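Let's walk through this structure together, one region at a time.

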Amino acid sequence: MNPGARLLILGKQGAGKGTQAVRLSRHYVVPHISTGDTFRQAVRSGSEFGQKAKQYLDVGELVPDELVIGMVRERLTRSDTSHRGFVLDGFPRTVPQAEALEDMLAPNGLHLAVDIEIDTGMVLARLASRRVCVDCGANYSVIDNPPRVPGLCDVCGGEVVQRDDDTEGAIRRRLELYDRETAPLIAWYAERQLLTRIDGLGTPDEVTERIVLEVDRRILRSAGG
Ligand code: ADP
Ligand code: ZN
């Protein structure tokens, strides 16, 4: 039996957050909730919400807390997540978002916040080679993990492109905001005994294995105790 899991993934741009979040959502059979993917879909749909979000995304700024929090709250009240759990990818990104999430999840709370650690030197190379499926959000790298058919997603057949915000200026801004707004969450979750730090170096399989080991240990402990 697979009881699910309630997880979130932290880590700077290029740490492999999205890749690992997809794998973990398959492993634990829970929805993958990516705020970045949700915003990109909204942008592509051309909705009013999407037009508003685009102004922030394109330049690497954070979407205002109240917009993001409302969106995640709506998603977390659906029955699939309330029963089995979720893998949150890209949320929370600020302390107010983490506080709002804590309220949303009471009384169950999280199993674990997973921080994937990576050297900033690695990040720029990874982001330059990163490509993403516009339909399902699957991540590729033109260097070490290209789609089998160039430009087409292995998973869903969608178009694989470079993200509009993987430009030098927007990357620099996102990394700045990560240090200022998101890195403090590492201490925030550590204080609550909810943090595990994972070395992000190695193949995707190796990193997934490291994470699953820690998550299983935690879930077992919370079930037994
Ligand atoms: P990355 O981790 O490479 O920056 P994401 O796909 O997670 O990529 O996010 C892309 C963009 O979506 C961010 O730069 C930001 O504009 C917006 N975004 C995503 N999640 C959040 C969030 N939790 N709070 C504010 N903005 C967000
Ligand atoms: Zn796809």
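Start with Val29, which sits in the loop between α1 (17–27) and β2 (32–34); helices here are DSSP runs of H or I with at least four residues, strands are runs of E with at least two, and both are numbered from the N terminus. Although Val29 is not a glycine, its phi is positive, at about 50°. Its relative accessibility of 49% makes Val29 partly exposed, where buried means under 20% relative accessible area, exposed over 50% and partly exposed in between (1.4 Å probe, protein chains only).

Before going further, a word on the ground rules. This is a predicted model, in which local features need pLDDT of at least 70 and side-chain atom pairs count only at pLDDT 80 or more, while totals for chains, interfaces and linings use all residues. Residues are numbered from 1 along each chain as its sequence is written, chains are lettered from A and ligands numbered from 1 in the order in which they are written, and side-chain values use heavy atoms, with hydrogens and water left out.

Gln193 also has a positive phi without being a glycine, near 55°. Look for Gln193 in the loop between α9 (184–191) and β8 (195–199); with 60% relative accessibility, Gln193 is exposed.

Two cis peptide bonds are worth a visit as well. One joins Phe91 and Pro92, with omega about 0°, and Pro92 lies in the loop between β3 (85–89) and α6 (95–105). Another runs from Ala106 to Pro107, with omega near 5°; Pro107 belongs to the loop between α6 and β4 (112–117).

Now turn to helix α7 (residues 120–129), whose buried residues are Val123, Leu127 and Ser129. They lie on the same side of α7 because they cover an arc of only 160° around the axis, taken from the directions from the helix axis to the C-beta atoms. Their cover includes β5 (130–133), β6 (139–141) and α8 (168–182), counting contact as heavy atoms within 4.5 Å.

Finally, what surrounds ligand 1? There are 19 residues, the closest being Thr35, Arg40, Glu61, Gly90 and Arg174; a residue counts if one of its heavy atoms lies within 4 Å. Helix α2 (residues 35–45) gives the most to this shell, with four residues. An oxygen atom of ligand 1 is 2.9 Å from a side-chain N or O atom of Arg40, and an oxygen atom of the ligand is 2.7 Å from one of Arg174.

Notes: Polar contact = N/O pair within 3.5 Å; in protein donor to acceptor, adjacent residues only side chain to side chain.
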